[in-house]
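Good morning, colleagues. I would like to take a few minutes to go through some local features of this model, residue by residue.

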Amino acid sequence: RAGELDLVQVESYRQAARVADEAGTTVLRVPQRGYDYISWNPAAHPALADPPVRQALSLAIDRDVILAVLDMTEFAEKAHGPYGSIFGDLAPSAPAGGDFDPAAAEDLLTGAGWVDGDGDGVRERDGIDLALELRVPAENERRVDAAQLIQAQLARVGVGIEIASQEFNSLFARARERDYEAVFLGWQVGLDPDISFFWADPESPINVASYDGPEARSHIAAALASATAMDAAPHWREAARLIAADYPFAFLWYFDFVWLAAPRLREIHMDPAGFFRNPHEWTVARH
């Protein structure tokens, strides 16, 4: 705001728009290079071991509303699997009935035996409440705010959510140890379609959901063994479709990394490759 910086990355989309208006800065984007997700731990609660329940949890989340409340609509796209739009046709399509369908979510939960028999607003089965602890990195305002909205949305279909904030490093260590029920995390998207480090090995420290899909793993192996990117693409595409259909995560949204450039800094171009795309062409205007 004071004009003391030439280039700065900001985390708050609301802040980016405000500072751009007040200081005359240029808003620059590295498009779709981050994504947020909620990982469900199938070993921590009996409901989470059931794919239809995980599907119901995802269908109960209204991503459009959350993106609007967080001022992210202009800077994000809804996620439907492990690839976003920068990977073109590798990205899975939205569910046939849409990514927000609370009626379908309720039907899936009821069909899986989770019903609110005692009328307290939380479903239960075999004496166990469908109530989950959602761990969120305390330092990340976007995820804390989104978690509160998701808590309210899941409550409408009879799922109890208790939010627990934790410092990121200790939270991620806990996630790697699979010591959680649900955890709200994110990742920086690579520019290679190789998703094996996330999804091929259930023991991988990054595969925090312990996802173990034999058919998806077979396609990942075939993609890695392919001679060309063109040969690999159908295998990456099918692996992504299979992973998305298992709902190990509630894939939430892919989002831009946002930078602000002072008016005197010119000719900066950003694309999915990153923010130092063309520094040899940058210029600084004379005062």
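Asp126 counts as exposed, at 72% relative accessibility; exposed means over 50% relative accessible area, buried under 20%, and partly exposed in between, with a 1.4 Å probe and protein chains only. This is a predicted model, in which local features need pLDDT of at least 70 and side-chain atom pairs count only at pLDDT 80 or more, while totals for chains, interfaces and linings use all residues. Residues are numbered from 1 along each chain as its sequence is written, and side-chain values use heavy atoms, leaving out hydrogens and water.

Asp126 sits in the loop between strand 4 (124-125) and strand 5 (128-129). Helices (H or I, at least four residues) and strands (E, at least two) are DSSP runs, numbered from the N terminus. Although Asp126 is not a glycine, its phi is positive, about 55 degrees.

Asp71 is also not a glycine, and has a positive phi of about 60 degrees. Its loop runs between helix 3 (63-69) and strand 3 (76-78). With a relative accessible area of 33%, Asp71 is partly exposed.

I turn now to Arg178, in the loop between helix 6 (168-176) and strand 8 (182-188). Which side chain of opposite charge is nearest to Arg178? That is Glu203, 5.8 Å away; Arg178 is buried yet has no salt bridge, that is, a side-chain nitrogen of Lys or Arg within 4 Å of a carboxyl oxygen of Asp or Glu. For charge, Lys and Arg count as positive and Asp and Glu as negative, with His and the chain ends not counted. A polar atom of the Arg178 side chain lies 2.7 Å from the backbone oxygen of Arg176.

How values were computed. Polar contact = N/O pair within 3.5 Å; in protein donor to acceptor, adjacent residues only side chain to side chain.
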